[in-house]
Amino acid sequence: MPGFFGQPQKAEGAGSGWIIDKDGLIVTNNHVVEGAESVTVTLADGRTFPAQTVHADAYSDLAVVKIDARNLTALSVGNSSQLRVGDWVVAIGNPLGLGISAKEGIISRLGVSLQDSSGQTLYDLIETSAAINPGNSGGPLVNMAGEVIGITSIKIAATGVEGMGYAISMKTAGPIIQSLINPGYVTRPWLGIESELYTVNEWLASRYNLPVDKGALVTQVTADSPADKEAGIKPGDVITGFDDEEITTAEELIQAIYSSQIGQEVKITFWRGKTKTPHTTYATLAKSPPP
């Protein structure tokens, strides 16, 4: 962050996490560690460890941190598929950086989709009335058996809004965490355009003279990707359909790609230039390359 006279200035931040393996594997949120030059883990007993490795996935807002520690007490993982609205839960974390605390609440809703502060949509969230504050991010949401059923991620902070905290369900987080542990990154279906997409609206359509006022604007195509080699997609194209589903936003397109299967052939509808009708093309989704 900038300091006086615009010179660079380091800043510190605090978040929460939980031990998933006795040999030093810690689960937290991506936004807790994202952009950090160094990550330090302080355990409940006061011991402090520098992170040996940090593997993170921005799309799911999850990260796994490895520290050089042995024989730690790991938390058990519960079955979030069995949760019901009204079930009691406890959010554990480090709110405001003041130390570990626990706050009780109930499950308010299940299967919630919500945008975080960066505009990224998170899916299959658990809404809870348990108090969640800055610093809780990455901490566990546990059931009455002490099993982790969610990972605290975001909180709505607005005038008149209280008692609405959110956690990523372990049903969604579990496979991603395992991928971050080994091989260290998440493999998803890949088209080769996902890195730079913009949602088309009336202003963008007018500003860049686009043929439609909704869809996903492609600004970058990875060389030799399915989008490049098979589909012939080019920067400036606007994708409005994916496998016969309408696409109105960049987020809808990304979710549609990630919800497909590696090796699946998909139909893509797009507009190019000043054409009066859309184009149709096909591509076979590949496995996403390592980061």
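**Note on the predicted model: loops, sheet, salt bridges and cores**

1. Proline 183 is placed in the loop between α2 and β12, where helices (H or I, at least four residues) and strands (E, at least two) are DSSP runs numbered from the N terminus. The peptide bond leading from asparagine 182 into proline 183 is cis, with omega near 20 degrees. Most peptide bonds are trans, and most residues other than glycine have a negative phi.

2. On the basis of the note: the model is predicted, so local features need pLDDT of at least 70 and side-chain atom pairs count only at pLDDT 80 or more, whereas totals for chains, interfaces and linings use all residues. Residues are numbered from 1 along each chain as its sequence is written, and side-chain values use heavy atoms, with hydrogens and water left out.

3. Two further loop residues deserve a look for their backbone angles. Asparagine 209, in the loop between α3 and β14, has a positive phi near 55 degrees although it is not glycine. Aspartate 243, in the loop between β15 and β16, likewise has a positive phi, near 55 degrees. Aspartate 243 is partly exposed, because its relative accessibility is 30%; buried stands for under 20% relative accessible area, exposed for over 50%, and partly exposed for values in between (1.4 Å probe, protein chains only).

4. Five strands form an open sheet in the order β1-β2-β5-β4-β3, with antiparallel pairing; strands are taken to pair if DSSP finds at least two bridges between them. The edge positions belong to β1 (18-21) and β3 (40-42), each of which has a single partner strand, so one side of each lacks a neighbour in the sheet. Direction ignored, neighbouring strands of this sheet are turned by 40 degrees against each other on average; axes are lines fitted to C-alpha atoms, for helices over the stretch in contact, and angles run from 0 to 180 degrees between N-to-C directions.

5. Within this sheet, six bridges join β4 and β5 (residues 62-67) in the antiparallel sense. Aspartate 57 stands opposite leucine 62 in β5. Helix α2 packs on the sheet, where it touches β1, β2 (25-28), β4 and β5, and its direction makes about 45 degrees with that of β5; contact requires heavy atoms within 4.5 Å.

6. Nine salt bridges are counted, each being a side-chain nitrogen of Lys or Arg within 4 Å of a carboxyl oxygen of Asp or Glu. Aspartate 57 takes part in one of them, with arginine 188 at 2.7 Å, N to O. Since arginine 188 belongs to the loop between α2 (170-181) and β12 (189-190) and aspartate 57 to strand β4 (residues 48-57), the pair ties together parts that are 131 residues apart in sequence. Both arginine 188 and aspartate 57 are buried.

7. Another salt bridge joins glutamate 246 and lysine 214, whose closest N and O atoms are 2.8 Å apart. This pair also links distant parts of the chain, 32 residues apart: strand β16 (residues 245-246) holds glutamate 246, and the loop between α3 (202-207) and β14 (215-218) holds lysine 214. Glutamate 246 is exposed at 52% relative accessibility, whereas lysine 214 is partly exposed at 40%.

8. Serine 153, in strand β10 (residues 148-155), is buried, with a relative accessible area of 3%. Its side chain makes a polar contact of 3.0 Å with that of aspartate 61; such a contact is a pair of N or O atoms within 3.5 Å, and within protein one must be able to donate a hydrogen and the other to accept it, while residues adjacent in sequence count only if both atoms are side-chain atoms. Beyond neighbours within four places in sequence, the contacts of serine 153 include Asn29, His31, Leu122 and Tyr166.

9. The largest nonpolar core has 22 residues, of which Leu191, Ile193, Ile233, Phe242, Leu253 and Ile268 touch the most other members. At least two residues each come from β14, α4 (226-231), β15, α5 and β17 (265-271), and α5 gives the largest share, five residues. Another core lies apart from it, with 21 residues, among them Leu62, Leu122, Ile151 and Met170. A nonpolar core is a set of buried Ala, Val, Leu, Ile, Met, Phe, Trp, Tyr and Cys residues joined through side-chain atoms within 4.5 Å.

10. In helix α5 (residues 250-258), the buried residues are Ala250, Glu251, Leu253, Ile254, Ala256 and Ile257. They pack against β8 (121-128), β12, β13 (197-200), β14 and β15 (238-242). Ile257 is also among the residues that leucine 191 touches, not counting those up to four places away in sequence.
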